[in-house]
Amino acid sequence: MQRWLSSVVVVGAICALFVQEISAVQITDSTPRCRSPDDGSVSLCSELIDPNGYPCTEHTIQTTDGYLLALQRVSSRNANLKTQRGGPVLLVHGLFMGGDAWFLDSTKQSLGFILADNGFDVWVGNVRGTRWSHGHISLSEKEKDFWDWSWQDLALCDLAEMIRFINLITSSKIFIVGHSQGTIISLAALTQPDIVEMVEAAALLSPISYLEHITAPLVLRMVGVHLDQMVFAMGIHQLNFRSNVLINLIDSLCDGHLDCNDLLTTITGKNCCFNNSRVDFYFEYEPHSSSAKNIRHLFQMIRQGTFAQYDYGIFKNLMLYGQTKPPAFDLNRIPKSLPLWMSYGGNDALADVADVQHTLKELQSTPELVYLENYGHMDFILSERGKEDLYNPMIGFFRSLGKSSSS
């Protein structure tokens, strides 16, 4: 059991994971590090960015459905670069993560710091339900309705509002950088003409729009036993990794069914370059909460092989969408003129190469691609070699578009 608990700590710590086992608890005072104090004394800026010497400001925006989201704006420690900011870059985190994911390694290894040091105007997004965001104008996090959303709402409400706000403040089109779920919501948002017109280009790490070919054994096991439906039947709406229920659920799935000794590989694929020495530090910030509805939407994608809106069933689909099946997000609607950069890995058990190829076939444009054969899903955000393998080529792509200042 001790070895098992250690494995769970590893999984919760890194949370670059896209689809994992799920669990739920109501928010209580004993849940560690799950929310920022309402007085604002603890913030992403004050915890991870300011202490490293990077100027950081906090912003709060309101979505059309009433959620209050945090955006952080980060600039370089170099005074010359601060006065000559490059184009704005919005960082969009993955599932069970928050904006802190971009700052968890050293200043020389974390993408948020690297972009700031290269003269970019860095904006950090935090979707609803995460620690750094600020709730809702009328709903409590203890209410069922607060968690009534999936990734399509993150795309069409949260990300859309972030882009509008940054566009208004900077009077400039925006570079988007997404990882994992951050790529799902980015691709969905970019199919919307009113959103894509404010975007200069997008860089996608572990790009996902289809999940039909995932190979992660533990995820496939959860989908196979319809765990998402069980959670709904139990009346669970908020998913929080910091509970004993999570440990018991994964334990039962592994016992007699899967070899879960290497739990991380069972979920993400074999990661080549993750810094294991920083697990305890990562676990101070990850994981964040998400909704049961969000997981169910992701599991629908795996079962049905679709990139579509949430499937409520025939009758409610008819009421909401006017058709028996939910509308697809048509990747062909992303303009051919929008520059895209994508990086994917041969060992990624979640963003499978076959599904990435499916995405590429549906796009009008031909994205610039970086394929890393030995990278697993987690490597794309926490690799010790990320600067050389990923971030320098990404910055080169952005600079080739003529929208950033040189360092």
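Predicted model: local features only at pLDDT ≥ 70, side-chain atom pairs only at ≥ 80, totals over all residues.
Reader: Which residues in α13 do Val 219, Met 222 and Val 223 in α8 meet?

Author: Contact here means heavy atoms within 4.5 Å. By that rule, Val 219, Met 222 and Val 223 of α8 meet Phe 299, Ile 302 and Arg 303 of α13.

Reader: What is the mean pLDDT of the protein chain?

Author: pLDDT is the predictor's confidence in each residue, from 0 to 100. The protein chain has a mean of 85, with 82% of its residues at 70 or more. Be careful with residues 1–39, where pLDDT is below 50; that stretch still has 126 contacts in the model beyond near neighbours in sequence. Residues 403–407 also stay under 50, and there the model has 21 contacts beyond four places in sequence.

Reader: Back to the helices: at what angle do α8 and α13 pack?

Author: Helices (H or I, at least four residues) and strands (E, at least two) are DSSP runs, numbered from the N terminus. Axes are lines fitted to C-alpha atoms, for helices over the stretch in contact, and angles run from 0 to 180 degrees between N-to-C directions. Helix α8 (residues 217–224) packs on helix α13 (residues 292–304) at about 95°, with the axes 10 Å apart. Angles under 35 degrees count as roughly parallel, over 145 as roughly antiparallel, 65 to 115 as roughly perpendicular and the rest as oblique. So α8 and α13 are roughly perpendicular to each other.

Reader: Is Ile 302 buried or exposed?

Author: Buried means under 20% relative accessible area, exposed over 50%, partly exposed in between (1.4 Å probe, protein chains only). Ile 302 has 9%, so it's buried. Ile 302 touches Leu 211, Glu 212, Ile 214, Val 219 and Val 223, leaving aside residues up to four places away in sequence. From Ile 302 to Val 219 it's 83 residues in sequence but 9.7 Å in space, C-alpha to C-alpha.

Reader: How many disulfides does the structure hold?

Author: A disulfide is a pair of cysteine sulfur atoms within 2.5 Å. There are two in this structure. One joins Cys 45 to Cys 56, S to S 1.9 Å. Cys 45 sits in helix α2 (residues 44–49) and Cys 56 in strand β1 (residues 56–62), so the pair ties together parts eleven residues apart in sequence. Both Cys 45 and Cys 56 are buried.

Reader: Why is the disulfide of Cys 45 and Cys 56 left-handed?

Author: Because the torsion about its S-S bond is about -65°. Another disulfide joins Cys 272 to Cys 273, S to S 2.3 Å. The torsion there is about -85°, so that disulfide is left-handed. Cys 272 counts as partly exposed at 34% relative accessibility, whereas Cys 273 counts as buried at 4%.

Notes. Residues numbered from 1 in each chain as written. Heavy atoms only, no water.
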